[in-house]
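Here's a quick tour of a protein chain, written for someone who has the model open on screen.

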Amino acid sequence: MGKHVARTICAAGFLLVALGPLTSGVLAFDDVTTLADEDRSEYSSLTMGFDDVLPPDIIDKVFDECRRIHDLGDIYASGDLMHGKKATNWLPLDPKSPTPPRNFVEHAVQKFYELAVPEQFYSDDYNIPHYGEVTRYTKSDIKGGEWWIQARSGKEGIGFHYDKDEAYASIHMRMSFPIISTITYLTDVGAPTLILNQTSLDGSTDFPEVPHEGFLSYPKKNRHVMFRGDLNHGVSKTLSLDENSDSRVTLLINWWVEKPMEPNCMTLSDTLATKIDFNYPEKVAKAVNSAATSAPTEVNSESVPLLNITDPKTKNTKKYSRHMERFPPNDGFHYDMPRLKHLARNTLYAINWSWNHVYASVGMLDLWNRNLMSSVFRIQEPKCFVFVHDDRELEGPFGINWWLQPLAKGYEGEVKFYTATTEKAKNAWGEFGIRESDLPIAVMHDTVSDRKLVMERGVTFGEDKVRDLVEKFFGRNPDKKGGEL
């Protein structure tokens, strides 16, 4: 499988580009500018959206099936799958000799295949020297679709992840990605999907470390969104505009050059389909033939205002709020967004964060997280551990993370920063000779050479002192005091 990474597009300010019709008054901020028409093409290379992808009566039948069999993965012998995963379903595709769909979900999969355009996502622009030449996928490379169903409450999120061949990743500790990932929204409610311009090869190192570009997709019934299959994405519950009582239902389809490995991805047999009342090709054919024709409408780009946000260091958060997601194994992704009252339902936003509005350089140390600890010692850069009592010292406009995130981002590629609470990291105190009375305190540790440097006790803890510690560790601030171990 070709290795490919995402392009980062940097821009001044915090940019939201709404794709598709917007409600009047959305994003009406005081300081605005517009995105030039020639710049909008930058956003089409990562994602595409289509509205009205199926006739209304057919999309309703797909929804009814998905509500009925959304736990289909449970019927396979998948109880032993790692990490609580459920099996997904495989539908092979042969455009020259198509198989009649046995149900409305399979009809949808076959119809959405017609929209898949790998050339849109794998152009010459993605020949990234760092990872080698990019495979130029075409539609003929697609051999089938992996599909499954998600049913969530209105404010329920889904952790950030990469779509991948789960069995292959478990065996080889590397990722094999689909060509294209897709989401079809079957309801108008629920938390939005956030797709980031970030990829990975092994799940432990992301490129770029801090994504500056993303897409925020609020659910809209009968909307089909597709994006490059190697992108980090999740569902952000803190950006939901709905209540817990609402139901968010989606049909997920990934397009592959070859079938993902069993037992994580299974082919639904006729026998099993019949057993669960999911095999009625004549009924599907009759309904499709009588349904009104529907030509999908691409969600067109429409310029919206540039939100001119005050630098976060001023702690003026009247126009925006800061959100945090967790990236595996346990990194914090902090990003700023307009307040919820300025965001519109059913909208697909393109986002371009400026340097000081998105951070992902600080991990959260947890000595009991085996994957995280493996990552800590696998990363070659020296680490800066910031030991605190609890999370209350970290969060909010006056918390440590407010200044630690930009500080860590300034050392990206040179130092890996971690926050460490008493609950998750107390057993590490002895390694550095610190006590609870020393908290908060920072230490530097080169896990390759085992060289350590502890911040001077009794000083006022803050951004300057942590920076001084890092500089002294590298011999760039010899006059600063610290305790070398």
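## A charged pair to begin with

Start at glutamate 471, which forms a salt bridge with arginine 476; their closest N and O atoms sit 2.8 Å apart. A salt bridge here is a side-chain nitrogen of Lys or Arg within 4 Å of a carboxyl oxygen of Asp or Glu. Glutamate 471 counts as buried, at 16% relative accessibility, whereas arginine 476 counts as partly exposed, at 40%. For those labels, buried means under 20% relative accessible area, exposed means over 50%, and partly exposed is in between (1.4 Å probe, protein chains only).

Before going further, a word on the source: this is a predicted model, where local features need pLDDT of at least 70 and side-chain atom pairs count only at pLDDT 80 or more, while totals for chains, interfaces and linings use all residues. Residues are numbered from 1 along each chain as its sequence is written, and side-chain values use heavy atoms, with hydrogens and water left out.

## More salt bridges

How many salt bridges does the structure hold? The count is 22. One of them joins aspartate 390 to arginine 392, with the closest N and O atoms 2.8 Å apart. Aspartate 390 is partly exposed at 24% relative accessible area, and arginine 392 is exposed at 72%.

Another links aspartate 64 with arginine 67, at 3.5 Å between the closest N and O atoms. These two are three residues apart in helix H1 (residues 56–69), so about one helical turn separates them. Helices (H or I, at least four residues) and strands (E, at least two) are DSSP runs, numbered from the N terminus. Aspartate 64 is partly exposed, with a relative accessible area of 41%. Elsewhere, Asp51, Lys220 and Arg223 are linked in a network of salt bridges.

## A buried leucine in a loop

Now for leucine 394, in the loop between strand S22 (383–388) and helix H7 (400–410). Is leucine 394 buried or exposed? It's buried, with a relative accessible area of 3%. Leaving aside residues up to four places away in sequence, leucine 394 touches several residues, including Val388, Trp402 and Thr419; contact means heavy atoms within 4.5 Å. Leucine 394 and alanine 420 are 26 residues apart in sequence and 9.9 Å apart in space, C-alpha to C-alpha.

## The whole chain

Zooming out, the chain has 10 helices and 26 strands. Buried residues make up 55% of its 485 residues. Among contacts with a separation of 6 or more, 80% involve residues 24 or more positions apart.
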